[in-house]
Amino acid sequence: MNDVAPSYRLVPGAPDSPVILHVPHSSRAIPAGVREGIVLDDGALDRELDHITDAHTARIAAEAAVRSAATPWQFVNQLSRLVVDPERFPDEREEMLSVGMGAVYTRTTHREVLRPAGYDGEPLVERYFRPYAAAVTDAVAERLEAVGRAVVIDVHSYPTEPLPYELHSDGPRPPVCLGHDDFHTPAELLDEARKAFDGFGGTAVNSPFAGAYVPLRYYGNDPRVSALMIEIRRDVYMTEPGGPAGPGLGAVAKALAELVDAVSGSARR
């Protein structure tokens, strides 16, 4: 992928669907100009991408969309989170800055140097982060205008064993973690997610990862926007780290489709 390629892709869903499946961390693509600012050699970078990428999550979202009665919209990051992480705050509000993993990472999952000391990440924020954030905001605004509500479901995965960068790794690591926000995650949405993913051996709320992604325009002030983060433990559906998908992927996609239909008010095909 080159520097002029779009950094995101919006896949249209049904006109009356409120659901946006947001897939921010599935890509391994790094533009050549961005690669030049990363100090890892190619082998080390490949290993880091194995650990940091939520592999196959775009495929999970796509298969869930096909299985859903009312096709959800999909907003998919086309670039690696090593370019920018669109789900971080781009300023001092971001707690992951403490381990060098704000909007622009300077450290790896193992707390090693990713970019040199003094690296200025602002050009990457301007080139990639802000346009991405604006496009997600527009996608939510379109759902609000079309159907009066929006449901943002984040599709993530996480490793079976904690990585050194994790700040909250001492809690449960269930097959499915449900990220909840006090303002934007209504009880009904959380209940439907628990039911949809009940067959995987257990869920937990906000452990080991917490919260849900909402564009800042709506965050904390617009109850028409609801949100939930789905974190699938990687051994459920793939070979770790960075390996192929297994038969569990279809089961995860089916469960996600059930959740989409439940919150859309649609019966499954």
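What share of the contacts in the chain with a separation of 6 or more comes from residues 24 or more positions apart? In this predicted model, such residues account for 80% of those contacts, where contact means heavy atoms within 4.5 Å. Because the model is predicted, local features need pLDDT of at least 70 and side-chain atom pairs count only at pLDDT 80 or more, whereas totals for chains, interfaces and linings use all residues. Residues are numbered from 1 along each chain as its sequence is written, and side-chain values use heavy atoms, with hydrogens and water left out.

The chain contains 6 helices and 7 strands, taken as DSSP runs (helices H or I, at least four residues; strands E, at least two) and numbered from the N terminus. Their order along the sequence is β-β-α-α-α-β-α-β-β-α-β-β-α. The radius of gyration is 18 Å, close to the 18 Å that the globule rule gives for 269 residues, so the chain is as compact as a globular protein of that length; the radius is taken over C-alpha atoms, and the rule is 2.2 Å times the number of residues to the power 0.38. The C-alpha trace spans about 50 × 40 × 30 Å along its principal axes.

Of the 269 residues, 54% are buried, the classes being buried under 20% relative accessible area, exposed over 50% and partly exposed in between (1.4 Å probe, protein chains only). The accessible surface of the chain, from the Shrake-Rupley method with a 1.4 Å probe, comes to about 11,300 Å², and carbon and sulfur atoms hold 52% of this area.

In soluble globular proteins, nonpolar side chains tend to be buried together. When residues up to four places away in sequence are not counted, L259 touches I153, L189, E192, A193, A196, F197, L228 and I230.

A cis peptide bond with omega of about 5 degrees joins S207 and P208, the latter placed in the loop between β6 (203-205) and β7. N206, found in the loop between β6 and β7, has a positive phi of about 60 degrees although it is not a glycine, and N206 counts as partly exposed at 30% relative accessibility. A cis peptide bond also joins E240 and P241, with omega of about -15 degrees, and P241 lies in the loop between β7 and α6.

G243 is placed in the loop between β7 and α6 and counts as buried at 16% relative accessibility. Not counting residues up to four places away in sequence, G243 touches H56 and M238; G243 and H56 are 187 residues apart in sequence and 9.5 Å apart in space, C-alpha to C-alpha. H56, in the loop between α2 (42-52) and α3, has phi near 70 degrees, a positive value in a residue other than glycine, and is partly exposed with a relative accessible area of 24%.
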